[in-house]
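This briefing guides a first reading of one protein chain. Please keep the sequence and the structure in view while working through the points that follow.

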Amino acid sequence: MVPFWTAGPWTLLAALGLLSCFCSVLAEASRTSPTISTASKHQEGPSSLERVKRGWVWNQFFVVEEYTGTEPLYVGKIHTDSDEGEGNIKYTISGEGAGSIFIIDEFTGDIHATEKLDREEKAFYTLRAQARDHRTNDPLEPESEFVIKVQDINDSEPQFLEGPYIGSVAELSPIGTSVMKVTASDADDPTYGSSARVVYSVLDGEKFFTVDRHTGIIMTAVADLDRETQDRYELVVKATDMAGQMGGLSGSTTVTIVITDVNDNPPRFPQKMYQFSVSEGAAVATPVGCVIATDADMGDNTDMSYLIKEGGDLFKVTTDVETQEAVVSIKKPLDFESKRTHNVVVEAVNKHVDPRFVDLGSFRDQTIVRVSVSDIDEPPIFQPAEGAVMEVQEDAKVGSLVGIVTARDPDVANKPVRFSIDPTSDQDMIFHIDADSGAITLGKILDRETAGWHNITVKAVEADNHTMVSFSTISIRILDVNDNPPELATPYEASICEDAKPGQLIHTISVVDRDEPPSGHRFFFTLPSEAASSRHFTLWDVKDNTAGIRTQKSSFNRHEQNVYFLPILVVDSGPPSLSSTGTLTIHVCGCDTEGAIQTCNATAYVISAALSPGALIALLVCMLILIVLVLLILTLKRHRKGQRIAEDEEDMRDNVIKYNDEGGGEQDTQAYDMSALRNLYDFPEAKNCDSGPDICSLPQWIQANRVGGAVDGTMAAATDFSLFKGYIRKKVEQADADLSVPPYDSFQTYAFEGTSSPALSLSSIHTLSTTSELDFSYLSDWGPRFRQLAGYYAPGKTEEEAS
């Protein structure tokens, strides 16, 4: 079976291209196929050695896509060499699209396409062909597979699937700098023709950017892109298929290119001079003003620092990190009287300088900050400002001049100044100061030995404005004069042996002097005339402000004289020279053969009066024993007292006595027998009761009535308390027998009413039911509040109610 193709005008080229292949297949079939039919060859039997092949040949069919005709599109024809045109063979196809997209004429083998095909959706279809006997429907030859390919036409335009695009490039980039790449895709067959060959071009923005025709890489076309002039560009890039030939399809996309910043602009001050004003009294570090330099760049490229090129002695500049401002502040105190205007040169410098753009110019700028100092009323200024040191002799008289304090008004007006001493610094008022001249004089006699220095605070105020105050500390040194005689350092005492030899050194003495002469102390030692004639001791001046005492006698007898008092005269160097006499006490003692002192009369007496260590220890032990005994006695007393208190607290149950007697009225002041409260353990049955045991337990007003015989029989029955006693006794026995109650009853309450009260009813309403001769008509005269009560007692009311 041989395929055939139609030669329509849109498939002519494809058919011609396959013609040679088709002819070679036919030739090969004619060489390999026998000249007889397949059926006659089978009848010769298996003795034949020739190979039998099927008598039809397959190849690919082609159908053009997007066919828009009204008739089915002829695809091709299948045919077998067994078909002799008698209509005995039936052709069928099966597979993809068989019967729906593709149909076949079962008699002729012609195949047609009934639907419009799209290669971009499906590029080929695989089908199977079968030749059958028309009458029996039996297959005459094995089923064979063939392919119908959809031939491409240029029906799809290029598309930018990733658009729109956004790219960036640094400003001032050189020509040809790559910015980004764009890619367009075409759905046509890239292996057939030029339908899928895409080329790129720039439609809008070609003045600043270009695109590579084949790769789609966008590049800069100029070298002077300036972000400060234009920071972004909008491009339109077109992609055309068919390699850009006429008739090709095209698609476009938008490309946004952002120009990034580089540090190509130096800082610039908007003004060449700024003027500020500040008071001369402003404190150090007070801000004077702020200036700022602008930078056309952005981001870190605008970071700058400021420095002072001129005028940095009194002012300093700092950079505000947040606002990038230069803050000019005071570095040292300002003085209007010294200089009223200051010119400060401030320079702004970029922190991040790009070396590629250094040739563009200096990345710094300067401006002048003119600061005008305004005058204020300032307090007086002392000279010297740090305070003065004065000196005065300690023997100076009251009113003597110590020194003069100087202060002036620093303002142009130079107002007069008044002086005074702060009382807190001179509470003893030792010094006085003249308010106008500032002369300090003595107010009291000085004593250097008491206080060698005096620190006073002098206050200076303006005469017209007392709020302008200054203080200065004046140190006054008291110069020493020789007004204190020298004295022995201590009350010296010495001891010598009875057998002391002549010339033996007994003791060395030294002297103290409260004065402090500028050239130092120099003391002279001598013995007074009365002591110089003594033959016992001599004085030796060592010349270093000390002196030694030596023996002059060969031996001493402590029984004859055990103590010697040696006067010593000490004289200082002055001027004027002062002297004093001290006494050295010398004890004569007994010594052993080696010269060690054993006993002295005074020492022995002291030792005999003292106690030995053993005696002291015994005395301390006795005192400790006495203290322990006293503490034990106090503890025992406190313990016993606590026990008594506890017993009293436990027996409080016996101290509760309850009275339930009715009083005799407000006029009865003797209704109760208070003796029961005074004797807690006695009941009313007193022994000294003349009226019987029952009467003693009654109130006094009942006793009086009973004794006098004024109580009738009902009252006599009421005073019988035997009923109550029996009831109470019964309750006490029940409480004693109850095991659930505590062993000690602290309080028992009994409620027993009895028969009746000995006192009659006090209600006035009771008189309505009795025969009363009282006349209550006067109640109506008491006012409207008693009219209701008077109506109850009106005469004749009973007869009216009865009627």
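Predicted model: local features only at pLDDT ≥ 70, side-chain atom pairs only at ≥ 80, totals over all residues.

Cys 497 is buried, because its relative accessible area of 14% falls under the 20% limit. A disulfide is a covalent bond between the sulfur atoms of two cysteines. Under the distance rule applied here, two disulfides are counted.

**The disulfide of Cys 497 and Cys 591**

- The sulfur atoms of Cys 497 and Cys 591 lie 1.8 Å apart, and these two residues form a disulfide.
- Cys 497 belongs to strand β32 (residues 493–497) and Cys 591 to strand β38 (residues 579–591), so this pair ties together parts that are 94 residues apart in sequence.
- The link between Cys 497 and Cys 591 is left-handed, with -90 degrees about the S-S bond.

**The disulfide of Cys 589 and Cys 600**

- Cys 589 is joined to Cys 600 by a disulfide, with an S to S distance of 1.4 Å.
- Cys 589 is located in strand β38 and Cys 600 in strand β39 (residues 597–600); the pair therefore ties together parts that are 11 residues apart in sequence.
- The torsion about the S-S bond of Cys 589 and Cys 600 is about 115 degrees, so this disulfide is right-handed.
- Cys 589 is buried, with a relative accessible area of 0%.
- Cys 600 is also buried, with a relative accessible area of 5%.

- Which residues make the nonpolar surface patch of about 660 Å²? They are Ile 617, Val 621, Ile 625, Leu 626, Val 628, Leu 629 and Leu 632.
- Leu 632, one of the residues of this patch, is found in helix α6, which covers residues 613–650.

**The chain as a whole**

- The chain contains 13 helices and 39 strands.
- Of its 803 residues, 32% are buried.
- The accessible surface of the chain comes to about 49,600 Å², and carbon and sulfur atoms account for 54% of this area.
- Among contacts between residues at least 6 apart in sequence, 65% join residues that are at least 24 apart.

Methods
Residues numbered from 1 in each chain as written. Heavy atoms only, no water. Patch = residues over 30% accessible without salt bridge, like charges linked within 9 Å, V, L, I, M, F, W, Y side chains within 5 Å. Areas by Shrake-Rupley, 256 points an atom, 1.4 Å probe, with all protein chains shown as cover. Salt bridge = Lys/Arg side-chain N within 4 Å of Asp/Glu carboxyl O. Helix = DSSP H or I, 4+ residues; strand = E, 2+ residues; numbered from the N terminus. Buried < 20%, exposed > 50% of the residue type's maximum accessible area, 1.4 Å probe, protein only. Contact = heavy atoms within 4.5 Å. Disulfide = S-S within 2.5 Å.
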